[in-house]
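Please keep the structure open beside them.

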Amino acid sequence: MRLMKNIWLIAIILGFWACKKPKEVDGPLVTEFYGPFNLVEGFKASADTFSFNNTQANHFTAKFNRSADWKITIKGLQSGAVKEIVGSSKVIDFNNSVWNGSTTFIPVFKSENCEATFTVEDEGVLIKDTVFIKTVKPVDQGLVIADFETNNPGFFIDYSSDGDTIRVESAPLKAPYGKQYFLMQGYDKNGDTYLGQLGIEAKDVISSDTVFKTSTKAPSELYFNLLVYGFNKPSILKIQFGEDENNNKITDNKTEDVYAKSVTVDWVGWKVVSIKYSETTIDNASATGNKKQEPDKIGIVSFIHLTTAVKGKAAYAFDYMIFTTGKPFQP
Amino acid sequence: MNCILMHKNCYSLKSLLKFLVKSTKSKYLILLLAAAFVINSKLFAQQGNNKVAFFGLGRAVLQQTQLSGKALDSDTSNAKQANSGNTLIDVGLNVKPNANTQINLIFRAKNEFGGFYGSGATVNVRQLFVKGAIAKKINYKIGDIDLKQSRYTLWNYDEEGRVNESTALSMLRDVVYYENFYNKNNEWRVQGAQTDFAFSIKNIIQKWNSQAYIARIKVASSAPEMLINGVSTTIDQSKFLTLGLNYANTFEVAKTSSEPSTFRNPVFTVTGSTKLQTDKIEAKLFTEFGQSTLEYINTTVPVNLKQGGMMEVGASIDLKKIGLVASASFRSVSSDFFSAGAQSKRINFNQSASLFPTIGNDFATRETNLWDLSRDTRLYNRNLSQRLMNYNPRYANTLAYGDATPNRQGAVFNINYKHKSEIVDAFLQANFLSNIKGEGALEAKNYQLIKTGANVNIDKILESTRVFKLSLGFGMDKASRNGDTITSVDYLSNIIDAGVDAEILKNTEILLGIKTIKAKGKEYIPVRSGYNQIENFTLLKDDHKETILAIGLKYKFTKNIFVALQHHYVKVDDFGKDYKINQSFILFNLIY
């Protein structure tokens with residue numbers, strides 16, 4: 001029993017020893033995120049004039065005493081185009097604020113004067129600067145599968161019993177490219193969240209093709225991009241990629257892989273949605289496909305319209321669908 | 001020939017398996033087969049055939065749930081009522097083609113309510129393994145296997161949110177456990193191969209047990225395939241001294257996907273214990289210490305290799321005549337200690353609840369509450385995670401990752417008491433821990449976690465044959481840190497569980513249960529990168545209350561068959577913005 005008493009004593013001493021002050025810190029200090037916020041260096045553009053046809057690193061600069069969630073919003077004063085750059089850091093420089101002339105909310109920028117607004121919302125900081133665009137950004141190249149203009153593919157449409165509106169429109173929205181766009185809107189009457197879908201097969205784009213002729217076999221290199229308009233009605237856009245693994249001109253979801261990714265459309269206006277093929281997940285795990293992402297075997301792309309809640313409403317429009325290689329499409 | 005009697009017909013094992021494989025092509029054939037097995041199981045028993053045994057489970061649950069409260073006052077976007085349920089049958093088949101081989105297979109047929117005429121029906125294989133012994137010495141098992149080692153290498157820790165929970169509230173939790181293959185042994189269900197053997201050396205080693213395993217825990221997708229392998233060995237040198245070694249290595253296999261980076265996480269620990277015992281008392285000294293390595297290979301950004309250590313040393317005493325077991329120990333788990341097998345959590349806090357996942361017109365995610373945790377299978381995780389998973393300090397803060405929680409050291413005390421006539425059993429666990437490294441500040445956080453509970457079997461006092469049991473539980477989880485207004489931490493969470501099981505009529509029990517939690521204060525929750533490093537903190541300022549009341553009836557047809565009818569009332573109050581959930585459900589459960 002004396003031995004046991006001594007052991008309990010040792011445990012208590014070790015317990016007190018454990019309360020000693022540590023000399024090291026795991027991770028950053030909380031004061032780097034939650035202390036008082038001060039600007040050390042003001043916000044400004046790296047130059048008065050930006051040209052996007054060369055390698056010039058057009059960016060913005062600022063410094064703070066601690067990390068903060070910041071946002072730079074650049075607005076074309078003529079076009080109304082908007083570019084947003086967001087970050088969380090103590091310093092804004094060419095590492096985190098380079099602007100290549102691309103657009104977050106369509107339309108695209110012209111050669112025009114722009115207003116750049118810097119905000120740190122939590123701290124009530126708002127600073128403005130101006131910049132002139134001398135040369136606009138060239139259009140990104142890739143495999144366009146639908147722009148809903150004259151080269152309209154012979155896509156198939158599936159309507160659910162909810163009677164979803166799924167069709168090509170030219171109004172009231174202004175299409176980001178050309179004059180027409182594709183609209184999906186409806187109400188989930190039957191309570192299954194499914195409203196309808198649009199499918200585009202490779203042979204609809206080029207009749208001799210059975211798969212989309214993407215220029216890479218690496219899933220981490222291929223991006224599927226489209227411009228999506230949100231109406232402030234949170235909706236889910238599920239994009240499925242069906243593979244033709246055996247090159248028999250049929251994409252069979254029972255014997256061949258289908259990969260998918262869902263995007264919650266919760267913004268207002270036109271915005272680019274880019275999906276890296278390697279970030280899609282298998283959507284028909286119980287099928288007998290080879291469970292291998294093969295970007296060069298995609299035979300069909302489907303767009304499934306879902307509500308975020310049972311018996312909810314959902315709406316969005318989309319336009320200009322394009323596969324790009326190596327980087328996402330930037331309008 | 002291995003002959004299996006089926007009623008009056010005789011099939012070879014090969015032809016039976018061939019028939020099963022063919023049948024999987026048609027769910028209806030499987031259903032017929034399942035029904036045939038159930039009908040014939042009695043006949044098997046009657047004929048005394050011991051080569052094939054049937055077992056399984058049948059279950060039907062039907063629930064109606066309503067959502068209301070201030071938080072939904074202007075909500076026109078979300079459903080406020082949901083009806084759901086399903087029926088399922090698991091048909092298990094245990095085939096012994098010879099004395100040293102066993103094949104175990106469970107088919108599942110499930111039908112969701114609302115999926116009329118079979119449209120919501122699924123049929124699949126729930127479990128399949130083969131086990132046996134080589135030369136009657138070395139046991140092996142291939143297929144679905146359950147694994148565990150020590151609490152720091154491979155261990156499936158119990159989830160948070162309960163301290164001696166009432167029967168009423170744990171009824172649907174038992175369903176969650178069954179669906180996720182959790183068991184009382186804290187094992188992880190994986191797919192792979194396992195072997196174990198034991199031997200002794202006269203006058204030197206009383207018993208030497210060893211096990212080795214390899215399992216695939218994640219298939220290749222955009223990320224590489226992940227495996228775990230390990231070895232455990234325990235040497236009982238004598239009745240006084242036991243030594244052990246545990247090794248578990250979780251790793252990704254390079255080139256199994258297009259992603260070039262992989263990770264490896266070998267962990268090893270050494271265990272030891274010595275004891276002295278008499279008829280009245282058993283005194284024991286125990287220890288476990290070890291090291292972990294976490295390495296990321298071929299990453300696009302350089303990531304430092306991390307090595308961490310752990311150490312536990314303690315003593316326990318068992319006063320056999322009184323029924324009291326007490327222990328005290330010192331534990332230290334460094335901030336860099338990482339063990340995928342021991343620190344993966346059961347609850348996936350990134351997953352939204354199945355019922356009413358969003359709330360409000362802005363479709364904000366409804367935070368998972370204690371009631372969701374007691375019933376929602378979807379919230380639970382079956383996989384080992386290669387990074388520390390998210391946690392909610394309301395439900396577990398001091399030991400968010402069980403005893404293997406990193407960056408903790410201090411004293412741990414345990415007392416368990418069991419009355420010899422089983423009238424009362426009680427427990428007390430007390431953890432007084434602190435950070436080894438400051439977490440976001442130079443000052444350490446101090447943690448106090450106390451859990452206590454008791455079961456009082458009033459039927460034993462009254463010497464009644466009818467069940468009359470009272471259960472109580474209380475937990476306090478406190479974190480504090482001195483400092484200025486920015487760095488200071490003061491967070492307290494209290495949980496209470498209580499329940500009554502009373503057999504008012506023969507085989508008919510009334511069940512009452514209550515659970516409350518109150519969490520208040522300020523805490524910083526680490527936000528980790530994909531490489532497991534703290535890169536930020538989320539500031540939590542909390543004033544949160546939850547109350548769950550349960551009332552119901554349970555009728556037992558036999559020991560293994562019951563039907564229960566319950567109503568749950570849930571109130572969640574977050575900074576005065578509350579919502580309520582009312583659920584009525586019927587559960588029929590049959591084990592055969």
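1. Strand 18 and strand 19 of chain B form a hairpin with 5 residues between them, and B:Glu422 in the turn has a positive phi of about 60°. Strands here, like helices, are DSSP runs numbered from the N terminus, with at least two residues (E) for a strand and at least four (H or I) for a helix. This is a predicted model, in which local features need pLDDT of at least 70 and side-chain atom pairs count only at pLDDT 80 or more, whereas totals for chains, interfaces and linings use all residues. Residues are numbered from 1 along each chain as its sequence is written, chains are lettered from A and ligands numbered from 1 in the order in which they are written, and side-chain values use heavy atoms, with hydrogens and water left out.

2. Turning to the aromatic rings, the structure holds 39 aromatic pairs over all chains, counted for rings of Phe, Tyr and Trp (its six-membered ring) whose centres lie within 6.5 Å, with planes under 30 degrees apart called stacked, over 60 edge-to-face and the rest tilted. B:Phe199 and B:Trp208 make a stacked pair, at 5.3 Å centre to centre and with 25° between the planes. How accessible is B:Phe199? B:Phe199 is partly exposed at 35% relative accessibility, and B:Trp208 is likewise partly exposed at 25%, on a scale where buried means under 20% relative accessible area, exposed over 50% and partly exposed in between (1.4 Å probe, protein chains only).

3. Two charged side chains of chain B deserve a look. B:Lys141 lies over the face of B:Phe129, at 4.2 Å from the ring centre, and B:Arg346 lies over the face of B:Tyr177, at 5.1 Å from the ring centre; the criterion is NZ of Lys or CZ of Arg within 6 Å of the ring centre and within 35 degrees of the ring normal.

4. For chain A, there are 3 helices and 19 strands, and 49% of its 331 residues count as buried. One aromatic cluster in this chain includes A:Phe148, A:Tyr259 and A:Phe323.

Definitions and conventions. Two strands pair if DSSP finds at least two bridges between them.
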